[in-house]
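Here's a walk through how one protein is put together, written for someone with the chain open on screen. Grab the viewer and follow along.

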Amino acid sequence: MKTTKLKLGLILLLLVLGLTVGTASAQDTPRVRAILFYSPSCGHCHKVITEDLPPLFDQYGDQLYILGIDVTTETGRQFFVTALEQIEYTESAVVPLLLIGDLVMVGSEQIPAELPPLIEESLAEDGIAWTDVPVVGEFLFAQGLIDADGNDILVETQEEQPAEEPTPIPSETPEDTPQPTETDTPEDTAEPTEIIPTPTAPEADISKEDAGFTVLDESGSGFETGTMLDRFNRDKIANGIAVVVLLIMIAVVVWIAIQFMRAATPKPWPNWVLPVLLVIGLGIAIYLSLIEVSGDEAICGPVGDCNAVQQSEYSKLFGVLPVAILGMLGYIAIGISWLISLKTSGKLRFYAKMAMFLIALFGLLFFIYLTFLEPFVIGATCAWCIASAITMTLINLYVARVALNALADTELDEAEDEFDEVGSED
């Protein structure tokens, strides 16, 4: 009898120990956490979310937790800008951008190349906690993704109830939560910890409405670019203005073609018009170039979303040269050609006028391409870009008249030379 009780006691002891060890191991399971900032209109973002990340989710399951933030939403953009400021990120603020620990990975080449080995190495140790800056803790807490102790609510809920859609556990508002003392901050802690300090009141509006976040998974769900009409409908007023400007630019190109076919000689505009337009266009291009280089948020005004355009993959030519810098160089080239035409004569003056026209025409055609992208591909319109497109359109109306009259003068000079040669022969 005593032997039987002893056996039962040992069995119960082993069961208790097994449950304890199992629970402890589940709680201590290393996990990699990251935040991916993306735009629904970004082709590189689409590749990362739907092609590069799903195999990693299949391989690591709940050990990999990536939160997707749509930067085209107001909350997502505020979170994006504030996070980059707090980590003191000085490079261009473009998407896709992965914030993982104290590292930043950008683009559809760097992320799939560097993320897998980092995950493997980190899971072999203690995993990776959320990026340790205030806005990350504030955002995650406000959205119900972590509790007051920094524990991942959604991930833990998914583990406990895999068959049901997880519902964030309501928590206290940041205002009602005790504030951390100086000894709670990561700077004063010798050992790394996955516990995020209790969030303070958020500086920006990070309410749950229009939060623009998605817990990414192996299905690549949550990323929908939509049709061209869907993208246009994101901002009907601003995108409608872009379409009107697009049609005007196309009409100007058609008008220029007709005038050249007719060999017309339209009345030139006053000389002061071109330098004024060049100063306006160059000023806009310089401002957008500074925004591109610094990664700061552009002042957009009441219409459009300049930052969504600036953060898209189309803001850089071949993914390298910012389009704004290309525009700045274009305005400078037109100005140089104009000055040469004023200071020279003969063939050099003619060639300068024609160069001025060709550079401006190329700029107009490029603006037609860019303006089409904004409402129908990116789904957002930049007011500064539209202003620059209008400026380039007016410049073309000016330089086309200059080029047409230059051609007419050249033909007249050639006719006079031929007449003089015939007269001398007689």
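## The overall picture

Keep in mind that this is a predicted model. The protein has 13 helices and 7 strands. Of its 426 residues, 42% are buried. Take the contacts with a separation of 6 or more, and 76% of them come from residues 24 or more positions apart.

The largest nonpolar core holds 46 residues, and the members that touch the most others are Phe37, Ile66 and Leu115. Elements giving two or more residues to this core are β1 (32-38), α2 (43-60), β2 (64-70), α3 (74-86), β3 (97-100), α4 (107-123) and α5 (134-142). The top contributor is α2, with 7 residues.

Setting aside neighbours within four places in sequence, Ile66 is in contact with Ala34, Leu36, Leu53, Phe57, Leu98, Leu115, Thr214, Val215 and Leu216. There's also a second, separate core of 31 residues, with Val245, Leu274, Ile386 and Ala389 among its members.

How many of the 9 residues of α5 are buried? The count is 7, so α5 is largely enclosed by the rest of the structure. The buried ones are Val135, Val136, Gly137, Glu138, Phe139, Leu140 and Phe141. Their cover includes β1, β2, α3 and β5 (213-215). After α5 comes Gly144, with a positive phi near 75°.

The α3 and α5 axes come within 8 Å and cross at roughly 150°. Since angles over 145 degrees count as roughly antiparallel, that is what α3 is to α5. On the α3 side, Thr75, Phe79, Thr82, Ala83 and Gln86 meet Pro134, Val135, Val136 and Phe139 of α5. Sorted by class, this contact has 6 nonpolar and 3 polar residues, with no charged ones.

Val71 sits in the loop between β2 and α3. Is Val71 buried or exposed? Its relative accessibility is 1%, so Val71 counts as buried.

Leaving out neighbours within four places in sequence, Val71 is in contact with Phe37, Tyr38, Ser39, Gly76, Arg77, Phe80, Val95 and Gln311. Gln311 is the one to click on: Val71 and Gln311 are 240 residues apart in sequence, yet their C-alpha atoms are 8.6 Å apart in space.

## α9 against α11

Now over to another helix pair. Helix α9 (residues 273-294) and helix α11 (residues 323-343) have axes that come within 8 Å and cross at roughly 155°. That makes α9 roughly antiparallel to α11. The crossing of this pair, α9 and α11, is left-handed.

From α9, the residues making the contact are Leu274, Pro275, Leu278, Gly281, Leu282, Ala285, Ile286, Leu288, Ser289, Glu292 and Val293, and from α11 they are Ala324, Ile325, Gly327, Met328, Tyr331, Ile332, Ile334, Gly335 and Trp338. By class, the contact of α9 with α11 comes to 15 nonpolar, 4 polar and 1 charged residues. Leu274 of α9 also turns up in the second core.

Helix α8 (residues 236-261) and helix α12 (residues 346-378) have axes that come within 9 Å and cross at roughly 150°. The two helices α8 and α12 are therefore roughly antiparallel to each other, and α8 passes α12 in a left-handed crossing. Among the α8 residues in the contact are Val243, Leu246, Met249 and Val253, and α12 brings residues including Leu361, Leu364, Phe367 and Phe372.

Met249 belongs to helix α8, and at 0% relative accessibility Met249 counts as buried. Not counting residues up to four places away in sequence, Met249 touches Leu364, Phe367, Ile368, Thr371, Ala389 and Thr393. Ala389 is one of the residues in the second core. Met249 and Asn396 are 147 residues apart in sequence, and the distance between their C-alpha atoms is 9.6 Å.

How values were computed. Residues numbered from 1 in each chain as written. Predicted model: local features only at pLDDT ≥ 70, side-chain atom pairs only at ≥ 80, totals over all residues. Heavy atoms only, no water. Axes fitted to C-alpha atoms, helices over the stretch in contact; angles between N-to-C directions. Helix = DSSP H or I, 4+ residues; strand = E, 2+ residues; numbered from the N terminus. Parallel < 35°, antiparallel > 145°, perpendicular 65-115°, else oblique. Left-handed = near helix turned anticlockwise from the far one by under 90°. Contact = heavy atoms within 4.5 Å. Nonpolar A, V, L, I, M, F, W, Y, C, P; charged D, E, K, R; others polar. Core = buried A, V, L, I, M, F, W, Y, C linked by side-chain atoms within 4.5 Å. Buried < 20%, exposed > 50% of the residue type's maximum accessible area, 1.4 Å probe, protein only.
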